[in-house]
Amino acid sequence: MNKEINEIIRLCLALDKKAFEIYGKLAETGENDELNQFWNTMCDEEHNHVEFWERLQKFAQEGMIPQVFDNAWQIIKELKDLIEKVDTLFVKSKKPMSTSNSLLLAYKLEFYLLHPALGTLFNFVRLFDDHKNPADEYDHHISMFLEALNKYGSKTPEIEYLAEAL
C-alpha cells in the first residue's frame, strides 16, 4: 500500500465531499428558485464525484493504485491548502447571500477543484475501471456552471474574463 497515493485520494475525496455540501447549502439558502435547482444539479454531480473517490479509495487501500505522481508530498501540501480554502467557502455558504456572491463563491470552488491531481487520477482510473468517471462529464459540468454564471451573473468584463479563465 502506497501511503502517499492513499493520502492524495483521501484529500481529493475530502474536497469533493465539501463541494457537495457547499452546493447543497447554496441550494437551501439561495434567493432564486431556478438557480437553486441549478445548485441542486451541481450538488448531484458532486455526489457522483464523491462516489468515484470512495471507490478509488478502496482500490488504493487494496494496493491497486500505484504512485502516479513524481512530487507526491508537494501535491499533498497543495491539496491540504485547497481544503483550507474550501473550508472557508463552506463557512460562507452557510449564510444567505446574494446571487452574485453565491456565483463568485461557486466560481472559486470550481477553480480550486481544477487542481491537476484530480484530473490525473480521473484519467488514470480509466485504464482499469469501467464505472462512471467524472472526467467523462467534467466539460459538461464546467459548461453548465459557465451558463449559470452568464445567466445569473452581472454582465461585466470581469465576469466574462473569469468565465473564459475557467
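In this predicted model, histidine 49 touches Asp16, Pro134, Tyr138 and His141, leaving aside residues up to four places away in sequence. Histidine 49 sits in helix 2.

Lysine 17 makes a handy counterpart. This residue belongs to helix 1, which runs over residues 3-29. With a relative accessible area of 37%, lysine 17 is partly exposed, because that label covers whatever falls between the buried limit of under 20% and the exposed limit of over 50%. Once residues up to four places away in sequence are set aside, lysine 17 touches Val50 and Glu54. As for glutamate 46, the C-alpha atoms of lysine 17 and glutamate 46 are 7.4 Å apart in space, though 29 residues separate the pair in sequence.

Back to helix 2, this time as a packing partner. Helix 2 (residues 33-61) packs with helix 5 (residues 116-125) at an angle of about 70°, and the two axes are 12 Å apart. That angle makes helix 2 roughly perpendicular to helix 5, since 65 to 115 degrees is the range for that description. The crossing of helix 2 past helix 5 is left-handed. On the helix 2 side, Phe52, Trp53 and Leu56 make the contact, while helix 5 brings in Leu118, Leu121, Phe122 and Val125.

Note on methods
Residues numbered from 1 in each chain as written. Predicted model: local features only at pLDDT ≥ 70, side-chain atom pairs only at ≥ 80, totals over all residues. Heavy atoms only, no water. Axes fitted to C-alpha atoms, helices over the stretch in contact; angles between N-to-C directions. Helix = DSSP H or I, 4+ residues; strand = E, 2+ residues; numbered from the N terminus. Parallel < 35°, antiparallel > 145°, perpendicular 65-115°, else oblique. Left-handed = near helix turned anticlockwise from the far one by under 90°. Contact = heavy atoms within 4.5 Å. Buried < 20%, exposed > 50% of the residue type's maximum accessible area, 1.4 Å probe, protein only.
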